[in-house]
Amino acid sequence: MASPPATTSSNAIARRFDALHRESRRGLVCYVTAGHPDVSRSLETLHALQEGGADIVELGVPFSDPIADGPIIQASSQRALENGMTYDRVLDLVERAKLTIPVVLFSYLNPILAAGERALTRAADSGASGILITDVPVGADPKREEWLGNSPLAFIRLVAPTTPRDRMAEIARHGSGFVYLISRLGVTGLQESTAASLPETISRLRSTTALPICVGFGISTPAQARKVGMLADGVVVGSAIVRAAEEGTEAVLALTRSLREALDA
Amino acid sequence: MQADTVHRFGAFGGRYVPETLIPALEELDAAFDEAMRDSKFTGELDRLLKEYVGRPSPLSTAPRFSEEVGCAVYLKREDLNHTGAHKINNALGQALLARRMGKRRIIAETGAGQHGVAVATVCARFGLECTVYMGEEDMRRQELNVFRMRLMGATVVPVRSGTRTLKDATSEAIRDWVTNVTDSYYIIGSVVGPAPYPRMVRDFQSVIGLEAKAQMLETAGRLPTSIVACVGGGSNAMGIFHPFIPDSSVELVGVEAAGRGLDSGEHSASLERGVPGVLHGSLSYLLQDESGQVHPAHSISAGLDYPGVGPEHSYLKDTGRALYVSVTDDEAVEGLGILSRLEGIIPALETSHAVAWVVKDKGRWKENDAVLICISGRGDKELAQITEMGLLPE
């Protein structure tokens, strides 16, 4: 598969990590579900994330059957769908938010397929920089992976704790932007502690790729973010942000700031 | 990257799952192929199908029903299997495979409860730990099956997300598997899910078609003109169709649930009214809206109440090898009554769809034709539901 064409949008992620690297800082990637708790508050949440110091926003495209997600993100997706969220409206949200930090769409395959051939270029036009699809592992669908890999968006691939080393290399080779390392077996959500095997998994992955490595799933507190941040290039916080978004913009801002401070400390 | 043809039926199927499951699916793929080449495994499966399930299931003639239809009708009696449906063929095969792979914890999803009961049954037989996910709505509709599963030591977990039916139970079972993939084995109940499940479940269910073919030749001295089976996910249909696919003279008909009518928007006819999409790990015809959100299915029968369908059925539809039709809730209930009155066989509501279509479309067969219906399950489980709905005759 060819590497993505050099367009400004996908490079926004690379530039962000280059800048972080120069400053010896770790990236803070924050997930929110588009349209949750409602469309206007979703817009406020995005601005709060940027203001609070997030480096990258993962914007969830809601799907009716999110098999990789735990209860918090499931409920937020269901609520977003009830609010009438569609792929077009997600792009509209990206466009209206006009964030200066990169936006990565986080989706299941089906809503993207339903949006048609131009789904990815339209996302780039609206200002998105990358896309991550939870249910397209490497080799699952070469034709569509090529479509995803050759779009103006960075194509972020996932590595799991169960992924063997050879396959890690294969995954990294077919992705761009950064590699998303799933920290533990299971679905998205909160947990008390991080997997004991994480340092070893990260070093195994590090030996196969030069792409930045961001670790997600189960990271919710500043202390966890700090701990994982010492091992990786970035951390992804999802369910905790979604829960804060339900409380309000102030809660999102406070959580993002505390995560930022923990990572920079 | 090479095109993935191993895991597909034409364009359909595949492995659209979180990365975490990929090594487990590869392990399963290899273990299944290896087991099926090992005569110790197939020998034990055959022995248990005989002594525990009660196979071969009979092929019954149906004189009064044949008279109603106007040609000879034969019934493949999966309702006479232990636990009362075809589901045990697959549950037994996969439980043996799980044991061979050293997995002691079994996960399953269930709609009507027939698959859940079959899995709980084989887990009791082999001393395996069993967790069954079932939609809360289905638990209400099929209370008796919940009792049966619990009686046999299974944990039945109510699923309260989404539509609270089979679709959401399947999502929840997949989430459990992602979380416990190292020590757990997921027994999918139909020819759906990521590869190798559709192929594996089909192969374990093919015993239906293999027996039926031999029995037709023995009883009728011929192959059937048409084979009719109900399709939700489509495992009884794939099981009876598969050995007949090379016999081009044999028409294969899958009957989906038209629910309250195909135009009502409340049905489960994925093949007739769906468009290809990805759900639960494979690409297949799917009921969905224009935004790619899965549309809730409806059927009077919990076992057909699923918005997707096995990918091989999508392939058989597109290649024209099989025909897919549908009957409504009301027609299915009528079908249940007809077979009960004419043959003393109470079919499951799922099966009743196939029965009802044969009656409804009987004009298509000539006197010398022979129709084979897969009686996928027995209807005892429906009695509470149809009584509650006031559908029992006075």
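1. Across the interface of chain B and chain A, 15 residue pairs are in polar contact, both residues being at pLDDT 80 or more. A polar contact is a pair of N or O atoms within 3.5 Å; within protein, one must be able to donate a hydrogen and the other to accept it, and residues adjacent in sequence count only if both atoms are side-chain atoms. On the chain B side of this contact, β2 (12–16), α1 (22–37), α8 (166–179), β11 (275–279) and β12 (281–286) each provide at least two residues. The largest share, eight residues, belongs to α8(B). By residue class, the side of chain B that touches chain A holds 15 nonpolar, 13 polar and nine charged residues. Here Ala, Val, Leu, Ile, Met, Phe, Trp, Tyr, Cys and Pro count as nonpolar, Asp, Glu, Lys and Arg as charged, and the others, Gly among them, as polar.

2. The model is predicted: local features need pLDDT of at least 70, side-chain atom pairs count only at pLDDT 80 or more, and totals for chains, interfaces and linings use all residues. Residues are numbered from 1 along each chain as its sequence is written, chains are lettered from A and ligands numbered from 1 in the order in which they are written, and side-chain values use heavy atoms, with hydrogens and water left out.

3. The contact draws 37 residues from chain B and 43 residues from chain A, contact meaning heavy atoms within 4.5 Å. About 3,000 Å² is buried between the two chains, 56% of it on carbon and sulfur atoms. Buried area is the accessible area (1.4 Å probe) that two parts lose on being put together, summed over both. Three salt bridges are found across the interface, a salt bridge being a side-chain nitrogen of Lys or Arg within 4 Å of a carboxyl oxygen of Asp or Glu. A salt bridge joins the side chains of D65(A) and K167(B) at 2.8 Å, N to O.

4. In chain B, six strands form an open sheet of mixed pairing, in the order β3-β4-β14-β9-β10-β13. β3 (59–61) and β13 (322–328) of chain B are the edge strands, each with a single partner strand, so one side of each lacks a neighbour in the sheet. Neighbouring strands of this sheet are turned by 25° against each other on average, direction ignored. Strands (E, at least two residues) and helices (H or I, at least four) are DSSP runs, numbered from the N terminus; two strands pair if DSSP finds at least two bridges between them.

5. Strand β10 (residues 251–259) of chain B runs parallel to β13(B), joined by seven bridges; L252(B) stands opposite A322(B) in β13(B). Helix α14 (residues 329–343) of chain B lies across β3, β4, β10, β13 and β14 of chain B, at about 95° to β13(B). Helix α15 (residues 349–360) of chain B lies across β9, β10, β13 and β14 of chain B, at about 140° to β9(B). Axes are lines fitted to C-alpha atoms, for helices over the stretch in contact, with angles from 0 to 180 degrees between N-to-C directions.

6. Chain A contains a closed barrel of eight strands with parallel pairing, β1-β2-β3-β4-β5-β6-β7-β8. Its twist averages 25° from one strand to the next.

7. H7(B) lies in the segment before β1 (8–9) of chain B. Its side chain makes polar contacts of 3.3 Å with the side chain of R15(B) and with that of D29(B).
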